[in-house]
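Trainee: I would like a close look at a single part of this model. Please take it residue by residue.

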Amino acid sequence: MRSLARWTMRCVRRYRFDRNPLRRRSDRIEAVAVLVTMLAVLAAVWPALLAGRVVYQRGLVAERVEPAVRHRVTAVLLEDAASSDTVTSQGAVLGIKAKVMWHTPDGRARSQVVPVPAQAKAGSTLKMWIDAAGRPAAAPRTHPQTVADAVVAGFGVFAGGTGLLIGGLALARWSLDRRRYQEWEEAWSTAHDRWRRPRQP
């Protein structure tokens, strides 16, 4: 905490606006760039909140709609899951699937290859969700998922905007540093020529 306070005070002394005659034009430009970046970072909170709110509202709509159009059914495996394993040369399982059969709410029988638990055997049952057309679907959205998506969206917008702003500030500082180094070289060259010039009698 103390180190953070020292760092803050050092930044304030470096970028404050005063009449110090030792401050160069590039120093003042950098101070303005830092101030503008800080204000822009604070302004980036608004679009981040807006993005999070939009995602949250869409999630709430999905929470209300999806349970009415999705149904949980019991499917029966028509084959062993092990027969559809896909394994890489390193031994990693890419997907465990098997053909299953289920009945839609109106009594129609449907079958399809879907992901199943490892080592599931033919004849065993599996709980799954289907949509209004009887196709396999994801489980209805829950409120924690909505909140998590909203937080991720807001943080993503804020982090992306902040990253661009900090990158722009870093580029501006790099350009100013190059200008400072050039000015230093010119000043030293001028001083060197003046000091080496022979004195007139």
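Which residues does Leu 77 touch, not counting residues up to four places away in sequence?

Mentor: First, the ground rules. This is a predicted model, in which local features need pLDDT of at least 70 and side-chain atom pairs count only at pLDDT 80 or more, while totals for chains, interfaces and linings use all residues. Residues are numbered from 1 along each chain as its sequence is written, and side-chain values use heavy atoms, with hydrogens and water left out.

Contact here means heavy atoms within 4.5 Å. With residues up to four places away in sequence set aside, Leu 77 touches Ala 98, Lys 99, Val 100, Val 116, Ala 120, Lys 121, Ala 122, Gly 123, Ser 124 and Leu 126.

Leu 77 also belongs to the largest nonpolar core, which has 13 residues. Such a core is a set of buried Ala, Val, Leu, Ile, Met, Phe, Trp, Tyr and Cys residues joined through side-chain atoms within 4.5 Å. Buried means under 20% relative accessible area, exposed means over 50%, and partly exposed lies in between (1.4 Å probe, protein chains only). The members that touch the most other members are Leu 77, Val 100, Trp 102, Val 116 and Met 128. Two or more residues of this core come from each of strand S1 (71-77), strand S4 (97-103) and strand S6 (125-130). Helices (H or I, at least four residues) and strands (E, at least two) are DSSP runs, numbered from the N terminus.

Next, Val 69, which is found in helix H3 (residues 45-69). Val 69 has a relative accessible area of 36%, so it is partly exposed. Leaving aside neighbours within four places in sequence, Val 69 is in contact with Ile 130, Asp 131 and Ala 132. The C-alpha atoms of Val 69 and Asp 131 are separated by 5.9 Å, although the two residues are 62 apart along the chain.

The whole structure holds 4 of them. One joins Asp 131 to Arg 135, with the closest N and O atoms 3.4 Å apart. Asp 131 counts as buried because its relative accessibility is 17%, whereas Arg 135, at 45%, counts as partly exposed. Another pairs Arg 70 with Glu 66 (3.7 Å, N to O), and Glu 66 is buried at 16% relative accessibility. Arg 141 and Asp 149 form a further salt bridge, with their closest N and O atoms 2.8 Å apart. Arg 141 is partly exposed at 26%, and Asp 149 is partly exposed at 33%.

Technical notes: Salt bridge = Lys/Arg side-chain N within 4 Å of Asp/Glu carboxyl O.
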